[in-house]
Amino acid sequence: MRMPIPDAGVIARRESIVARLRAVIGAGDVIDDPVEARAYECDALSAYRCPPLAVALPTTTEEVAAILRVCHEERVPVVPRGAGTSLAGGSMPTADAVVLGLARMNAVLEVDYGDRVIRVQAGRTNLSVSTFVDEAGFFYAPDPSSQLACAIGGNIGMNSGGAHCLKYGVTTNNLLGVTMVLMDGSIVELGGPMGEGPGLDLLGVVCGAEGQLGVVTEATLRILPKPAGARPVLIGFDSSETAGACVAAIIRAGVLPVAIEFMDRPCIVATENFARPGYPDCEALLIVEVEGTPSEIDEQLTLIRAIAEAFSPVEFRESKSEDESRRIWLGRKSAFGAMGQMGDYMCLDGTIPVSALPRVLRGIAEMSEAAGLPVANVFHAGDGNMHPLIIFDANRPGDLERVEALGADILRLCVEVGGCLTGEHGVGVEKRDLMTAQFTDADMEAQMRVKDVFDPQWLLNAAKVFPLEVSETRREARRNAA
Amino acid sequence: MRPETEAELAALIRAGRGPLSIIGGGTRLLPGEGQGTRLPTAALTGVTLYEPAALTLVARAGTPLAEIEALLASERQRLAFEPPPAPGSTIGGVIAANASGPRRVKDGAARDSLLGVRFVDGGGKIVSNGGRVMKNVTGYDLVKLMAGSRGTLGVLTEVSLKIQPIPPFSLTLALPELDAAAAVPALTAALTGPWDVTGAAWLPDLGALVRIEGLEGSVELRAETLTARLSAFGEVQSLKDDPWLLLRGNIPGSGAAPRSGSAIWRIACRPSQTAAILTMNPDATPLALDWGASLIFFSLAPNARPALPQGARALCLQGTHRGPLPPPDPVTRRLEDGLRERFDPRGIFAAPELTVA
Ligand SMILES: Cc1cc2nc3c(=O)[nH]c(=O)nc-3n(C[C@H](O)[C@H](O)[C@H](O)COP(=O)(O)OP(=O)(O)OC[C@H]3O[C@@H](n4cnc5c(N)ncnc54)[C@H](O)[C@@H]3O)c2cc1C
Ligand SMILES: Cc1cc2nc3c(=O)[nH]c(=O)nc-3n(C[C@H](O)[C@H](O)[C@H](O)COP(=O)(O)OP(=O)(O)OC[C@H]3O[C@@H](n4cnc5c(N)ncnc54)[C@H](O)[C@@H]3O)c2cc1C
């Protein structure tokens with residue numbers, strides 16, 4: 001992975017920069033010990049790492065502003081970081097960068113059940129937001145699989161989604177406002193009582209900008225009343241195509257489940273060996289979950305059964321108890337762990353129109369065969385967000401390169417059928433160079449103009465998202481100005 | 001000027017000296033808009049892709065909203081955000097205004113259903129962002145930025161939208177005795193339980209209104225428990241006629257019937273502020289509450305301005321006042337001006353009134 005050459009001038013001034021940071025937020029909140037800083041050298045894309053110049057751990061918006069003012073004056077690149085669970089290298093630092101870690105900022109600032117909002121500091125973990133409002137009968141809808149660890153600020157950075165976003169949307173649909181600090185240290189409130197403000201929807205463009213426009217310190221989130229209950233069904237099929245066609249038919253029929261998850265045979269076999277959920281012997285299966293009171297659930301499931309029967313399922317298993325529900329989800333929830341048992345894997349994150357599912361599954365199977373690398377599929381089928389897992393042996397020379405090439409081909413296929421390169425994990429450094437497959441120069445230029453306005457010096461997380469050649473002149477301009 | 005293709009439009013803009021006023025149906029221009037040379041999108045029409053099983057539709061910006069809604073209805077589908085159906089209004093105008101009806105309280109605004117855009121910026125460059133899939137975090141989300149930008153950053157040429165199946169059943173409960181302030185706690189009660197309410201509003205003649213939609217058995221069951229909950233606030237009736245069209249189309253100033261002599265204001269706030277706002281503005285005549293009382297429409301004397309608590313936002317829909325209240329803070333203004341300068345460096349899209357407070 002190519003990263004820009006670190007700024008030698010910044011590295012040379014390391015001590016004085018650290019001293020200035022200590023002066024604004026207290027000595028204990030700045031880490032410059034190389035051993036301690038190592039904990040911040042990568043995110044969940046651990047193949048790429050680099051220890052940062054220093055790490056700053058503020059506890060208030062004002063402290064964040066003070067840190068950014070120092071870094072701005074010193075022309076030091078800054079990498080905002082939540083919990084570091086990004087799978088795209090979004091919070092990986094460079095050697096000349098200060099990591100701005102928000103994990104200590106985890107307070108709940110306000111909750112109002114009548115208005116259905118909660119305001120939290122950006123370092124608060126996703127799951128703990130739902131836990132906080134649970135007793136009052138509410139929840140926060142976006143539920144990435146990493147929700148136990150990942151932070152609201154990181155969710156906003158990546159516009160994260162989860163299994164239930166088919167019904168409830170992703171972060172951007174549940175975010176009402178943020179307090180954000182710009183690179184020059186100015187503090188701004190974006191959003192409004194209903195989300196966007198009266199002028200331009202700046203909140204909308206900040207969400208998903210991968211920490212490149214500003215550092216979010218506080219967020220106002222929409223919370224929702226919990227549904228009365230939920231129940232999954234498991235439907236097994238004798239081919240992936242049939243399963244894909246059934247997804248389209250369910251959506252077409254107008255029932256809107258909260259989740260439709262898909263697993264193919266390699267994935268079923270792996271999870272069966274790993275967690276023994278007792279899945280049927282079949283080529284592909286769907287887990288469809290619906291919500292409501294028991295009789296509402298029955299009504300929806302009757303309809304889903306009728307639709308599924310047209311596709312001659314191998315099995316239609318309706319959960320009758322909490323325990324059965326748990327077992328149905330068990331395999332899906334342990335799928336990534338199970339794949340880890342089979343070897344190393346690379347997890348892709350492309351999105352396609354649901355109607356293209358059969359074609360893309362066929363294409364992936366052919367490419368996998370040709371490359372001699374097994375691919376397992378487990379994904380959110382309801383919204384077309386695919387996670388093909390390419391299985392390989394990281395110790396075999398040349399395998400990683402072959403995997404990367406196959407991964408790129410699969411993502412290009414996603415774009416070709418009308419989809420996109422990433423549905424939830426983000427571009428980061430991982431998919432930076434593939435951006436040209438989806439965007440023209442003018443498209444990328446338009447996006448970079450937004451960066452120019454929020455962060456004219458290109459100091460915030462600057463080597464991410466755009467291919468390095470494409471952003472080079474802008475990043476160079478900063479260096480020359482310094 | 002009547003561009004028929006995106007390329008023609010781009011050439012026109014490159015040659016243009018402005019100021020240009022982008023016009024869809026021209027049905028809902030805000031005070032001060034439409035003063036420049038008119039640039040109509042009326043020839044940029046047509047649905048270019050409709051996949052009912054993928055819940056997506058792509059259309060050129062000048063396509064009449066009515067045409068899109070009729071096409072969707074033929075497949076028992078609809079736009080979730082329930083845009084105001086002013087005759088003549090275009091999908092581009094709806095998106096550029098982020099115009100969203102009652103169902104926003106559950107399914108979000110136009111921006112939440114918008115999956116992708118194509119537009120021509122002020123430099124005549126064609127830009128595409130987003131796509132036609134439900135989830136997409138590839139690059140920055142300019143889709144949201146364009147929604148509600150009222151033609152100040154570029155001319156939308158094509159939009160792709162997430163659509164929604166029409167549920168087989170819909171039912172509206174009304175509490176006709178409640179005045180605006182008294183309706184707020186009833187609407188809040190309806191929205192804080194497991195009923196999946198898809199409309200929560202108040203109209204002067206009909207009182208508080210709560211809508212539920214879904215499969216038949218489920219709607220009946222929810223209606224029963226919801227009625228029990230709402231009885232605490234007054235007499236609950238089940239409405240035969242659909243009142244939601246009134247909220248979508250006929251709010252004075254944002255809808256058909258302008259009231260002469262008064263200004264119409266639209267105020268966004270937290271529902272817990274609504275009663276206080278009504279009290280703070282004793283001379284205002286409430287015209288409607290929507291979105292669970294987080295949106296207030298009222299009329300005021302022509303030169304009066306609404307009093308607002310911290311966090312509430314007001315926009316004059318009909319009258320002489322231009323731009324939002326309170327005006328944007330200096331940092332927000334710097335960002336907004338910066339974006340307008342970058343996307344429209346020659347300042348040909350006439351919209352200074354939006355930044356004039
Ligand atoms: C096992 C596993 C499962 C996952 N499942 C999902 C899933 O189902 N859905 C999904 O969407 N993602 C998933 N992810 C990816 C990841 O968890 C999400 O992207 C998450 O939102 C990242 O949050 P974080 O706090 O760890 O952010 P980080 O990794 O720390 O940062 C992510 C990005 O956001 C920026 N950022 C962080 N905090 C801020 C801030 N306060 N202000 C501005 N920018 C900031 C960073 O610079 C970086 O670009 C998964 C990851 C793992 C490891
Ligand atoms: C209940 C209700 C709620 C409403 N909510 C809102 C609201 O939340 N916000 C709001 O502003 N309006 C709202 N409206 C009014 C709304 O503006 C109109 O219903 C609709 O947008 C008019 O469409 P049109 O094609 O006639 O647009 P026009 O009246 O022609 O144009 C509207 C605006 O969009 C711009 N525009 C038009 N076409 C394009 C294009 N292709 N590319 C770029 N810009 C373009 C115009 O320059 C103008 O600024 C609401 C109305 C009602 C009844």
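**Close-up 1: ligand 2 and its polar contacts in chain B.** An oxygen atom of ligand 2 sits 2.7 Å from a polar backbone atom of Gly24(B), in this predicted model. That makes a polar contact, meaning a pair of N or O atoms within 3.5 Å (within protein, one must be able to donate a hydrogen and the other to accept it, and residues adjacent in sequence count only if both atoms are side-chain atoms). Look also at Arg266(B): an N or O atom in its side chain is 2.6 Å from an oxygen atom of ligand 2. At Gly151(B), a backbone N or O atom lies 3.4 Å from a nitrogen atom of the ligand.

**Close-up 2: where chain B meets chain A.** How many residues does each chain bring to the contact? Chain B brings 72 and chain A brings 89, with contact meaning heavy atoms within 4.5 Å.

**Close-up 3: a salt bridge across the interface.** Here Arg449(A) pairs up with Asp121(B), and their closest N and O atoms are 2.9 Å apart. A salt bridge is a side-chain nitrogen of Lys or Arg within 4 Å of a carboxyl oxygen of Asp or Glu. The rule finds 10 of them between chain B and chain A, plus 31 residue pairs in polar contact (both at pLDDT 80 or more).

**Reading the views.** Residues are numbered from 1 along each chain as its sequence is written, while chains are lettered from A and ligands numbered from 1 in the order in which they are written. Local features need pLDDT of at least 70, side-chain atom pairs count only at pLDDT 80 or more, totals for chains, interfaces and linings use all residues, and side-chain values use heavy atoms, leaving out hydrogens and water.
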